[in-house]
Amino acid sequence: MSTKKPNLNKEQWNQKWDKEPVRYKLDKSEEKEGPKSRKSSLTLNEPPRRTARSVSASKTAASADKSTASVPKTAASAGKKNINEQSASDSQAGTAKKQSFIPPFFYGSGEPPKNEDGKKKLLTVLSVVGGIVLFFLILFIILSSVRGCTLFGIPGGNGKGASSSSISATERANTLALAKRYADRGEYERAMDLLDQLLIQNADDAEILQLSDDILARKAAQAAGQKNADAAPGGNFTLDASEIEKAVDRLAEENARAARENAKNAAALAEVMKKQEELSRAEEEDRAAQKKRQEQAAAEEAKRKAYEKELAKQNAELQKLITRINDEVASGKAGLLSGRYNEASAHFKNADSLLPANQKDLSGGKLAEIAGLLSAAAQNEPDKDKKNALKKEAVDYAEKSLQFTPDNPVSHYVLGKAASDAKDYETALKELTAAAKKDSSNALYFYELGKVQYAVKKYGEARSSFETAAKADPGFYQASFNAALAYNRLGRLDEAIAALRKALAVNAQYDTAWLQLARFQVQKNDNTGAIASYKKVLDIDSTNKNALRELGSVYGSQQNYTEAEKYFKRALSYADTDPLTNYNLSTALFAQNKLEDALPYAQKAAASDPKNAVYQYNCGLINELLGRFDAAVSAYASALKIDPNHVKANINLGKLCADSGDTERALAHLTKAVSLDKNSFEAVNNLAGAYLAKKDYDNAITYFVAALKLDPKNETAKMNLASAYASSKNFDAAKTVYLEILQRNQNNLEAYVELAKVCIALQDNQNAEKYLITVQAKDGAFRKEEVSALLQSVK
């Protein structure tokens, strides 16, 4: 067969095509059967040898037309004309007929042309395009792997689907190093914040989890160490009549004793604060209850209108009557709101007279409505007599309402509230329980029921009622606050804190809840959290003196006396005569050794509350340390008039009496102190000193021995015991005690001199001389003349 390509134009090709018979046709069933059946559905007009030369059409033709057909493998050449243009035109025509179309230049004069040049060009173009696509695809995948981006939703990088929130290995290492550095410096909170950020990215990171556990353990150990340090007993104090210059040492001891005494009297000192808080809480609860009453009144009004509307449909005359009744009730309500109680009462009586006896639900509901209005007005009335009159009238209408509708919850609530105000808790429990049962969706009924249960110390039931109220009305944050108080009474402090946080989630400006949260945190020794909560209170109300005073106390417990002083002074700027704040400020200044500054505040506290023994004692202590002994004696005596069993006042007054030579009075006070606290080293030791001053050596020895049992290492007590032994001529015992002292402290020169005297008394001049020479060798100026005279006496 010739391979020469005929040089024909487009029209010549079309004429040639029209003259030649169609050698290939498609079976109509091809369109229905799909691609697989189309291979076998091709029918040929040529002999079998020509059929064998056919092949399936190219993929390019198949994509242009959804039908597929087998086409001859070769075709006659169509010349140099634009074959692609002809093919596109023919393809469009075939698509319009919904069947495959084979361009005529594929067949030529009975045999497909062999267009090898066209195939090569097509393959070349496809190869180049494919290569470019492949190149960009590979480049995109590489970039995806390096940068952690995604390709058509396929994660790159490590294959885990990196996102914008992931952090690199370098960032992780730097964050981990910084967390370790914070931990090494003891900044555990900052370290844990960094680790938490890493754990948010990968909660299974073993290294970070291990470091987190280590930091928490170190933090707990630090807290335990601090607690042990705080609990460690302080040094003991003994007044030596001949050494007033040691007053500074005694300052620290007195401060510690004052702190311990304050703890014993905390309940009494907090009483005034507690009453103030209860009054504030009661006012807050009254406001909340008033709001709830208004909301309940609105709900009841809606129910009433719906009920009356139904009645109106049944009876037009009744509707007219209801209108008159409603007008009277509305006029009475207006009278209550304007304070015209007599006018309001007259309207309510008119409404009562119009109520139809045969309409029990209507009559009972209206009477209950009137009772509720009178009860609400009573709660808001400041005048006691008017308040009681309104309550009585409300109770009368409520009782009459129950004759028509025994299950009316409003009437039961009015009766229960009146009984609660009168502290008739038994009746209040009965009526409020009935109201809550009849209307279990009313938050106010459960709230008032919880208050009565709390008052009779049924804290578990009160907690349940308050939580039910909060559940019925999630916005009723006062109910969550009261639930917290009940939890605290039950000893469930964590749940109490959780309840307070629920209240604060509803109202973040609820300063009463923040104040109570701070107190609970103090109970848990969470001073950091308490400080933050107290500052929240002050952000809301900068004049809250309770928050200022208590925040100062927290700083004082941390020995941060500068901050404590600042907040106590701020509290006094709003209540300068408050005795507790003046007392606290004096103790903060006392701890800073600002005794002159502390004294005026101590005196103001004592003057503001003259029946408080602690305030009087505080004045005495500061005066004593300032050397104003007469004022100190007077203050201690005043404290003992208020509280004769005040141990510290008895001890200090006894010491001052002993110092002034009034031994009998000293013995009286110190004996009283020992009888009140036999384990007080200071009381026992000073009583022994008083007996020593009286030269009652037997009693002196007895109490010095008792004191040393309480504090075996107290060197001053041992010196006094040895002196008592020597004074009682028991030189052997005295020598033994002095030697024991010198074994522990070889620099106690006074012990050497006294021991030398004892040796002289025992006629042991050799050892006496040795001890005196030792004194001269250690400090030649120490009691120089006495030591020289003693040496002369033993030579």
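Me: Why is Tyr615 called buried?
Reply: Its relative accessible area is 2%, and buried means under 20%, with exposed over 50% and partly exposed in between, using a 1.4 Å probe and protein chains only. Tyr615 therefore counts as buried. A word on the source: this is a predicted model, where local features need pLDDT of at least 70 and side-chain atom pairs count only at pLDDT 80 or more, while totals for chains, interfaces and linings use all residues. Residues are numbered from 1 along each chain as its sequence is written, and side-chain values use heavy atoms, leaving out hydrogens and water.

Me: And what makes Tyr583 buried or exposed?
Reply: Tyr583 has 3% relative accessibility, so Tyr583 counts as buried.

Me: How many aromatic pairs are there in the whole structure?
Reply: A search finds 11. Rings of Phe, Tyr and Trp (its six-membered ring) pair if their centres lie within 6.5 Å; planes under 30 degrees apart count as stacked, over 60 as edge-to-face and the rest as tilted.

Me: Why is the pair of Tyr447 and Phe476 given its class?
Reply: The ring centres are 4.7 Å apart and the planes stand at 45°, so the pair is tilted. This pair links distant parts of the chain, 29 residues apart: Tyr447 is in helix H20 (residues 443–455), and Phe476 is in the loop between helix H21 (459–472) and helix H22 (477–489). Helices here are DSSP runs (H or I, at least four residues), numbered from the N terminus.

Me: Are those two buried or exposed, and how do you know that?
Reply: Tyr447 is at 0% relative accessibility, so Tyr447 counts as buried. Phe476 has a relative accessible area of 1%, and therefore is buried too. Ring pairs also link Tyr447, Phe466 and Phe476 into a cluster.

Terms used. Helices (H or I, at least four residues) and strands (E, at least two) are DSSP runs, numbered from the N terminus.
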